[in-house]
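Subject: Structure for you to look through

Dear colleague,

Please find below the structure that I promised to pass on to you, together with its sequence.

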Amino acid sequence: MDSRSSSVPELPERLWPCPRAPRAQGQHLLSSLAPAHTLARVIRPCYGPHGRQKLLVTARGDTVLTGYATAILGALELEHPAARLLRDAALGQAEHSGDGTAFVLLLAEALLEQAERLLLAGLPRAQLREAYARATAETLALLPLLVIRSLGPLEDPFWVLHSVMNTHTLFQTEYLTTLVAHACGAAQELDGSFHPERVGVCTLPGGHLEDSCLLPGLAMAGKPCGQVTMVLRGARVALFACTFGLANPNTPATARLSSPADLTKFRKGSEQLIDKQVAQLATADVNVAVVWGEMEAKTLMQADKYGIMVIHVESRRQLVYLSEVLGTPLMPYLIPPLEPGRCQRVYTQQLGEGLAVVFEWECRDTPALTLVLRGATTEGLRGAEQAAYHGIDAYSQLCQDPRLLPGAGATEMALATILSEKGTRLEGPDGPVFQAFAQALRSLPATLADNAGLTVSNVMAEMNAAHQAGDFLAGVGDEGIINVAQEEVWDTLIAKAQGLQAVADVAIQLATVDEIVVAKESSTRQRDSNPNPTKAKEHPSPLGKKVP
């Protein structure tokens, strides 16, 4: 650590004396600190390229092996309002930047911990909020000064994407990165713009990751259920999130048939209704129906009669993505949409033991390529899929801003060094707050060192000495300190800036909260209001007695 900068426990000596209210043992001055500690304790072991995996049991009882903070936070059922705010901020970062979920949560927790120490030292909340805002502005202004490289317009993005995807997959990173880089480069527009939706990802069980490939158009796991297995020209697609057949009523009903004639009439009526529904699809020029639901044999026969290709998919997520790409809605009943989706052709592609359905277009605003991933296990496919999506998102960010920052905790340590030195020269509350901000940033490379199995104190001392000497490229590696430029470990500037802004916003919001008020009736009060109606009748209220 820097011997010239004051540590956080020494910060109270730099502030004015303030009487401290007595607190119970283990009680925090900030009500949001305890849930922040709890969430950080869950996510911290998953941070960085050496993050560990967790067996996650979802609310539905499914067991998932994952090390992704986004998946873990998304599956948690949280009750504490502060915990929900932290989760929303972290998931929002993942939604906008594709990465940085653990970064936002861990740094927010460290800033809240430093905020409580400053409040205990006597710093008013209003001044803490203003000083944190100034420290955030200073940090964001320093980020562009730490940029050391940019991705060229015609440069192969492999070396950048490998640094991003290496954090999210455990094997075959080079091969998977090559596929993602080739897909993104092929889908990029001539003017340099890039639309992530033009690159799809499809997972097919079976085989090995080396069997993965790129297919033109949008491919998804599914199978044709009728005799029509392809549409080679002018495909018009309808999407159905229902049974491919007669609509099932919510209330069960029993048909009363008194004679064989009634039975024959009932059967013919059902067949006529099925024929009418399928004929409506054909009248609307629908020749491809993608269904997420049960398939009825009689309805499939009618679809074959009208030359409609029926595709059954197992995942609703695939149907939703196809709806976004085609621009046609999901239909809850077997009726044609107002405007079916259009593509050039639809056909099946056999890949080893798996079968994919491919949708091809020729216009610009539709997916150009699909990365078909193969794998022997569900967990391996899930990890490869997440790594591919992170690579695609990183490429999209680089097309917006190609500037790169040192990775492996080097940027956080460089910011901490600069803020700490500046904090020693500032007067008033800004000095301690800048140093507290720096201390929170140092917690991230310390977590990387801990997850890598290194001695944290030794790594942080060596890293701090290197940054004090002006070596801002010193980061945390597998066996100790590394030069991130030589090892090609990078972070994108746009993702880091968005993450820091999200962290500052949620930390400032929660640091100014002094009490959590739950505006709903507690379960204890509900039980005590009338625990036993029978006993209440035996002991009527005195107000209800008749006066003689």
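**A sheet of three strands**

Strands E3, E16 and E19, listed in their order across the sheet, make up an open sheet of 3 strands with antiparallel pairing. At the edges stand strand E3 (149-150) and strand E19 (490-492), each of which has a single partner strand, so that one side of each is left without a neighbour in the sheet. Strands, marked E, are DSSP runs of at least two residues, while helices, marked H, are DSSP runs of type H or I with at least four residues, and both are numbered from the N terminus. Two strands are said to pair if DSSP finds at least two bridges between them.

Before going further, please keep in mind that this is a predicted model, in which local features need pLDDT of at least 70 and side-chain atom pairs count only at pLDDT 80 or more, whereas totals for chains, interfaces and linings use all residues. Residues are numbered from 1 along each chain as its sequence is written, and side-chain values use heavy atoms, with hydrogens and water left out.

Returning to the sheet, E3 and E16 run antiparallel and are joined by 2 bridges, and Arg149 is the residue that stands opposite Leu404 in E16. On the side of E19, strand E16 (residues 403-406) pairs in the antiparallel sense over 3 bridges; here Leu404 has Thr492 as its bridge partner in E19, and Leu405 stands opposite Asp491.

**From the sheet into helix H12**

The loop between E16 and H12 contains Ala408, which has a positive phi of about 60° although it is not a glycine. With a relative accessibility of 15%, Ala408 counts as buried, a word that means under 20% relative accessible area, with exposed meaning over 50% and partly exposed anything in between (1.4 Å probe, protein chains only).

**The largest pocket**

Rolling a probe the size of a water molecule over the atoms shows where empty space is left. A pocket is an open set of points, on a 1 Å grid over the protein atoms alone, where a 1.4 Å probe fits, with protein on both sides within 12 Å along at least five of seven lines, and its lining residues have an atom within 4 Å of a point. The largest pocket has a volume of about 1,800 Å³, and of the 46 residues that line it, Ser315, Arg317, Glu385, Gln386 and Tyr389 lie nearest its centre. Several elements each supply at least two residues of this lining, including strand E2 (63-66), helix H10 (316-326) and helix H11 (378-400), and H11 gives the largest share, with 8 residues.

**Some single residues**

Thr177, which lies in helix H7 (residues 173-187), counts as buried at 0% relative accessibility. If its neighbours within four places in sequence are left aside, Thr177 is in contact (heavy atoms within 4.5 Å) with Phe158, Leu161, His162 and Met165.

Glu113, found in helix H4 (residues 101-120), counts as partly exposed at 26% relative accessibility. The C-alpha atoms of Glu113 and Ala511 are separated by 9.6 Å, although these residues are 398 residues apart along the chain.

Asp285 is found in the loop between helix H8 (260-283) and strand E9 (288-291), and its phi is near 65°, a positive value in a residue other than glycine.

**The chain as a whole**

The protein chain has 18 helices and 19 strands, and buried residues make up 46% of its 548 residues.

With best wishes

Technical notes. Grid points are joined across faces, edges and corners, and a volume is the space filled by probe spheres set on the points.
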